[in-house]
Amino acid sequence: MNMNILEYGEVYAEEVKDLLVELQAYLASLDKRGVLTLKDGYREGYFAYVMKEVRKHNGKIFLAQLDNKTVGLVVCKIFQGGGESEYTTVCPKVGFISDLVVAENCRGRRIGRSLLRQANSFFKQNDCEYTQLEVFAPNAEALKLYKKLGFEVNCLYMSQRTDKLDF
């Protein structure tokens with residue numbers, strides 16, 4: 001296996017879009033609530049959103065390539081103070097991973113681990129105190145990987161249909 005991790009360049013835009021679509025379709029397939037979906041326009045719209053967010057938050061996208069084919073990506077952003085955190089935290093800089101995906105046919109080859117290592121290195125170089133990410137609770141494989149690598153749960157989001165709550 002000849003794997004390389006490299007920084008995003010425009011030449012990889014279509015491959016990145018494909019991977020983001022694959023991730024969203026996978027997450028939607030896990031969502032018992034039926035809330036997550038792959039809407040019309042997702043491919044172009046979400047890609048534009050991600051690129052804007054990466055620029056806004058001094059981030060980077062790193063790609064994993066096997067034999068010159070992009071098979072994974074990690075989207076990294078740096079959050080630095082401001083907003084609610086000005087009042088609620090003492091951590092001045094946090095590296096945040098908003099998206100991590102490895103193509104289904106390439107999973108189990110330590111590609112996700114390599115992408116996370118690259119993200120963490122980027123965050124260290126930028127003086128971030130923590131690497132943080134969100135994971136969709138039904139995504140058991142991702143949860144297992146993150147826990148194995150030392151990530152700990154520090155926040156849980158819970159939901160319930162409003163018409164099901166009776167208290």
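A residue counts as buried when its relative accessible area is under 20%, as exposed when that area is over 50%, and as partly exposed in between. The structure is a predicted model. Across the whole of this model, a search finds eleven salt bridges.

**Salt bridge D18–R43**

- D18 and R43 form a salt bridge through their side chains, with an N to O distance of 2.4 Å.
- The bridge links distant parts of the chain, since D18 sits in helix α1 (residues 13-30) and R43 in helix α2 (residues 42-56), 25 residues apart.
- D18 has a relative accessibility of 44% and therefore counts as partly exposed.
- R43 is also partly exposed, because its relative accessible area is 28%.

**Salt bridge R107–E22**

- A salt bridge joins the side chains of R107 and E22, at 3.6 Å from N to O.
- This pair, too, links distant parts of the chain: R107 belongs to the loop between β4 (93-102) and α4 (111-125), E22 belongs to helix α1, and the two are 85 residues apart.
- R107 counts as partly exposed because its relative accessibility is 35%.
- E22, at 25% relative accessibility, is likewise partly exposed.

**Salt bridge E53–K77**

- In the salt bridge between E53 and K77, the closest N and O atoms are 3.6 Å apart.
- E53 is in helix α2 and K77 in strand β3 (residues 69-80), so this bridge ties together parts of the chain that lie 24 residues apart in sequence.
- Are E53 and K77 buried or exposed? Both E53 and K77 are buried, which means that each has a relative accessible area under 20%.

**Contact between helices α4 and α5**

- How do the axes of α4 and α5 lie, parallel or oblique? The axes of α4 and helix α5 (residues 140-148) come within 11 Å of each other and cross at roughly 50°.
- At that angle the helices α4 and α5 are oblique to each other, because an angle counts as roughly parallel under 35 degrees and as roughly perpendicular from 65 to 115.
- The crossing in which α4 passes α5 is right-handed.
- On the α4 side the contact involves G112, R113 and L116, which meet L145, Y146 and K148 of α5.
- By type, the residues in this contact of α4 with α5 are three nonpolar, one polar and two charged.

Technical notes: Residues numbered from 1 in each chain as written. Predicted model: local features only at pLDDT ≥ 70, side-chain atom pairs only at ≥ 80, totals over all residues. Heavy atoms only, no water. Salt bridge = Lys/Arg side-chain N within 4 Å of Asp/Glu carboxyl O. Helix = DSSP H or I, 4+ residues; strand = E, 2+ residues; numbered from the N terminus. Buried < 20%, exposed > 50% of the residue type's maximum accessible area, 1.4 Å probe, protein only. Axes fitted to C-alpha atoms, helices over the stretch in contact; angles between N-to-C directions. Parallel < 35°, antiparallel > 145°, perpendicular 65-115°, else oblique. Left-handed = near helix turned anticlockwise from the far one by under 90°. Contact = heavy atoms within 4.5 Å. Nonpolar A, V, L, I, M, F, W, Y, C, P; charged D, E, K, R; others polar.
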